[in-house]
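This briefing sets out selected features of the structure shown below.

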Amino acid sequence: MAIEQSKIFEKADILEMHRTMVLIRLFEERAMEMYTKGKIGGFLHLYIGQEAVGVGFISALREDDYVVGAYREHGQCIARGTDPKYVMAELYGKSTGISKGKGGSMHMFDVRRGFMGGHGIVGGGMPLAAGIGFAIKYRETDQVCVCFFGDGAVNEGAFHEAMNMVSLWKLPVIYVLENNFYGMGTAVYRASSIPDLIRRVCSYDIEREQVDGMDVLAVRKCAERTIQRAREDKEPRFVEAITYRYKGHSISDPGNYRTKEEIEEWRKRDPITRIENYLRENGMAADDEIKRVYDEVAAQIQGAVDFAEESPFPPPEALYEDVYA
Amino acid sequence: MAQITYREALNQAMREEMLRDDNVYIIGEEVGEYGGAYKVTQGLFDEFGGKRVVDTPISEEGIAGVGIGSAMVGLRPIIEMMTVNFSLLAIDQIVNHGSKLRYMSGGQLQIAAVIRAPQGAGLQLGAQHSNSLESWYAHVPGLKVVCPGTPADAKGLLKSSIRDGNLVIFLENEAIYGSKGEVPEGEYLTPLGKADIKRPGKDVTIITYSRMLTLVMKAAEQLSGEGVDVEVVDLMTIRPMDTETVVNSVKKTHKAIIVEEDWRSFGTGGEIAAILQERAFDYLDAPVMRVASEEVPMPYSKPLEQLALPQVDKIVSAAKQIVGDG
């Protein structure tokens, strides 16, 4: 544990996580802006507020591991190392998008980096992640698969079937529940017979823990531990990250089911502000260095928008490409 | 050539492909120790072990998802749904995920997987265990749908399906598992997307597949004695359909009947009728006819069930009617 701790708190790692969180935050803010300008269509589920969960977990993975996301996954794809310009181009529906403009906001895939989607049906990615875990076991490697999903998915049959199978077969999948307290507009206590969601997995005998999803260092620590253990014993893990989305479920949701006070209360725990305070307090970065990160990231996002703007739409002949192999 | 059953032919196909490619495995309810609910996987658990013949809990959505998920990273699962009826519990994974993953990912993913499922009626299994769902799955771009009617085709088509590289819905007919036929030994592949003229004829084309093939061949035999020369087109693959063979046959005979075990409305027969009016309108001497199941949930009682299903005499009278119309 001691070695793990010191590794986690290496300055370069922390700076990198900070930069990635800022990148995701500014990316999402810009995506929101371009959506309102009519540049982006469809649904747009923003990750703002939840950055620490994706960044903390994904930064602890090896290159040959796998990630399965749901439909709030732009940030997770970026955290996995996909250049934001390909994610932005995908939102624009351009041929240079990471899924060639065929997927959109909910279907980011970067298979080369083990980013396996991007799934728009609540809970739908969970059996797929179990299947990836099955393949890892079949091939007898020491890879793992991390699967993100929201609190709404806990009430889906797919969740329970997947939980039972990964536990029964001992598959190296780490299921990360991002509990932001609302499945669309329905509060968890209005949807789950047991509002303490981590208890919903008790019957599957899966090692589980809860983590403060607004604290990237806590998430990273939890990720290092659970990933390492899953790698070693090939068994699944379950993590509930307590987090919050500042924006509505999707961009069309004004979020009337939440009070301003509640949102403000959560903003006080903002994961980016928190890590910046940590950086300052520990002499790891001064204000001007932090500002430089924002400047550089803003330039990178501008580059991503320019790339998306300048890229062509898919040609008509792309319509029938890749329906079949 | 050896005479073996439809069931044995399927078993041979899986065994040969598992010997050929380590990425091929079988997953499903009772496929392993039990030997398969319909004994199609019998002996494979003993030969390949539990790693490659995987028994599952009764969790169809999970089974389909695990199979498709493993295919996302390069395994080649043969996913057995104990019956097609239970595949309705897995339809989200099949339709919303499996059929679309390649397209949604811009071609980054390949889902090389087969979902095998017995289907069909006639065994007095009642309404919930007698569905034919080929038209449901054939409706979905990204899926292929295969319906073999003979032991030889069952073997050749299953081997091709396992090698295909797409998500193939392979629908067996449970009433013909025990039927025998000549099956070439060893390497034997039947291409997907190709129909087969099972009997040449000049007066009327009957287009069919799966168990109905047997009934149509009997009807054709009977009709031949009455001076009606039937050409029988066995589709074998429902999607992608070999419309070329269908259209060319009808251009020759000028009359078409589709015989299917599925319900009449919104089905494969309707699709073929539409294709024929699009591509062979000027060649048709009579309206296209359909012989299909009655539009009811399948009744249990034997006489009622037989009444609901297509029968040889219904096919014969349809053929006489269409020839008379000509």
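In this predicted model, chain B is divided into domain 1, residues 2-183, and domain 2, residues 196-325. Taken over C-alpha atoms, the centres of domain 1 of chain B and domain 2 of chain B are separated by 26 Å.

**Domain contact in chain B**

- The contact involves 25 residues of domain 1 of chain B and 22 residues of domain 2 of chain B.
- On the side of domain 1 of chain B that touches domain 2 of chain B, at least two residues each are supplied by α6 (134-138), β6 (143-146), α7 (151-163) and β7 (167-173) of chain B.
- β6(B) gives the most to this side of domain 1 of chain B, with 4 residues.
- By class, the side of domain 1 of chain B that touches domain 2 of chain B comprises 12 nonpolar, 10 polar and 3 charged residues.

**Strand β2 of chain B**

- Strand β2 of chain B (residues 24-28) is largely enclosed by the rest of the structure, because 5 of its 5 residues are buried.
- Val24(B), Ile26(B) and Gly28(B) point one way from β2(B), while Tyr25(B) and Ile27(B) point the other way, and all are buried.
- β2(B) runs parallel to strand β4 of chain B (residues 76-80), to which 5 bridges join it; Tyr25(B) has Pro77(B) as its bridge partner in β4(B).
- β2(B) also pairs in the parallel sense with strand β3 of chain B (residues 53-55), over 3 bridges; Val53(B) in β3(B) stands opposite Ile26(B).

**Contact between chains A and B**

- Chain A contributes 33 residues to the contact and chain B contributes 31 residues.
- The elements giving two or more residues to the side of chain A that touches chain B are α6 (125-139) and α7 (157-169) of chain A.
- α6(A) provides the largest share of that side of chain A, 9 residues.
- The residues on the side of chain A that touches chain B divide into 19 nonpolar, 9 polar and 5 charged.

**Helix α9 of chain A**

- Helix α9 of chain A (residues 216-233) has 18 residues and, at 1.5 Å a residue, should span 26 Å; its end C-alpha atoms lie 25 Å apart, which agrees.
- The buried residues of α9(A) include Val216(A), Val219(A), Cys222(A), Ala223(A), Ile227(A) and Ala230(A).
- Also among the buried residues of α9(A) are Arg220(A), Lys221(A), Glu224(A) and Thr226(A).
- Lys234(A), whose phi is positive, near 60°, follows α9(A).

Conventions:
Residues numbered from 1 in each chain as written. Chains lettered and ligands numbered in written order. Predicted model: local features only at pLDDT ≥ 70, side-chain atom pairs only at ≥ 80, totals over all residues. Expected span 1.5 Å × (residues − 1). Buried ≥ 20, exposed ≤ 12 C-beta atoms within 10 Å, placed from the backbone. Contact = placed C-beta atoms within 7 Å. Nonpolar A, V, L, I, M, F, W, Y, C, P; charged D, E, K, R; others polar. Domains from an automatic or database assignment. Pairing = 2+ DSSP bridges.
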